[in-house]
Amino acid sequence: MNSPDYRVVLDQQGVESSVARLAAELSEKYHDGVVLAAVLRGSVPFLSDLSRAMSIRSVVDFLAITKYERGTGRVRLLKDLDIDITDREVVIVEDIVDTGLTSGFLWGEFSRRSPRSLSICTFVDRPSARMVPVELDHIGVEIPDEFVVGYGLDYRGRYRNLRMLASVDADILASDPDAYVEALYVS
Ligand code: PRP
């Protein structure tokens, strides 16, 4: 069977230059260091590259949330940060902000802990999917209403480790989750 078509949103070079730009923005803004609070699991590739591209010191910590049921808006912390963020400069690191439910929840949760500052850095922003308004301080790339995989973004666990970001057909993936493996991993 022929591989289905896809659109490259950012190739490897595009990913790297977006990360470099974001790292420069953060390095410029937080001279005294920053806490990078990353949401498991999709943000891991971005966090890894971002933290190493920054020229300031950083502390990395992780959190995990429950999958909300579509439409309910419910989000719950499954794993909290290990460190105390009181009086720290904190950046929430996301691979994608979609409905905004995750980052909106985290914003409220972390704000109550009295950080010195709190901001959100997302690699991908899909504003067309927004259900709750969130203020995004640092954005790698804004995408239209498309389904994307790669650079942390998965479909049922697949495609996360691609070095690029690709727009694919969600209907095709629904019938065959591996439909894009040949095309995306060979080219
Ligand atoms: C994704 C992504 C964000 C969240 C964004 O996580 O990593 O955390 O969804 O979506 P939202 O703006 O609609 O809340 P996902 O639940 O797919 O888990 P994963 O990172 O482990 O793939």
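Me: Before we look at the fold, what counts as a helix or a strand here?
Reply: Helices (H or I, at least four residues) and strands (E, at least two) are DSSP runs, and they are numbered from the N terminus. As for the source, this is a predicted model, where local features need pLDDT of at least 70, side-chain atom pairs count only at pLDDT 80 or more, and totals for chains, interfaces and linings use all residues. Residues are numbered from 1 along each chain as its sequence is written, and side-chain values use heavy atoms, with hydrogens and water left out.

Me: Nice, so which pattern does the protein follow along the sequence?
Reply: There are five helices and nine strands in the protein. Read along the sequence, they give β-α-β-α-β-β-β-α-β-β-β-β-α-α.

Me: What is the radius of gyration of the protein?
Reply: The radius is taken over C-alpha atoms, and the globule rule is 2.2 Å times the number of residues to the power 0.38. That rule gives 16 Å for 187 residues, and the protein comes close to it, so it is as compact as a globular protein of that length, with a radius of gyration of 17 Å.

Me: What share of the contacts with a separation of 6 or more comes from residues 24 or more positions apart?
Reply: Contact means heavy atoms within 4.5 Å. Among contacts with a separation of 6 or more, residues 24 or more positions apart account for 63%.

Me: Which residue in S3 stands opposite leucine 36?
Reply: Two strands pair if DSSP finds at least two bridges between them. S2 and S3 (residues 58–65) pair in the parallel sense over six bridges, and valine 34 stands opposite serine 58. For leucine 36, the residue opposite is valine 60.

Me: Which residue in S5 stands opposite alanine 38?
Reply: S2 is also joined to S5 (residues 89–97) by four bridges, and these strands run parallel. Opposite alanine 38 stands valine 93.

Me: Which backbone oxygen does the side chain of threonine 122 reach?
Reply: Threonine 122 sits in strand S6 (residues 117–125) and counts as buried at 0% relative accessibility. Leaving out residues up to four places away in sequence, threonine 122 touches residues including Phe46, Glu94 and His138. At 3.5 Å, the side chain of threonine 122 reaches the backbone oxygen of glutamate 94.

Me: How far does the backbone nitrogen of aspartate 171 lie from a polar atom of the side chain of aspartate 169?
Reply: Aspartate 169 is in the loop between S9 (165–168) and H4 (170–175), partly exposed with a relative accessible area of 32%. A polar contact is a pair of N or O atoms within 3.5 Å; within protein, one must be able to donate a hydrogen and the other to accept it, and residues adjacent in sequence count only if both atoms are side-chain atoms. The backbone nitrogen of aspartate 171 and a polar atom of the aspartate 169 side chain lie apart by 2.8 Å.

Terms used: Buried means under 20% relative accessible area, exposed over 50%, partly exposed in between (1.4 Å probe, protein chains only).
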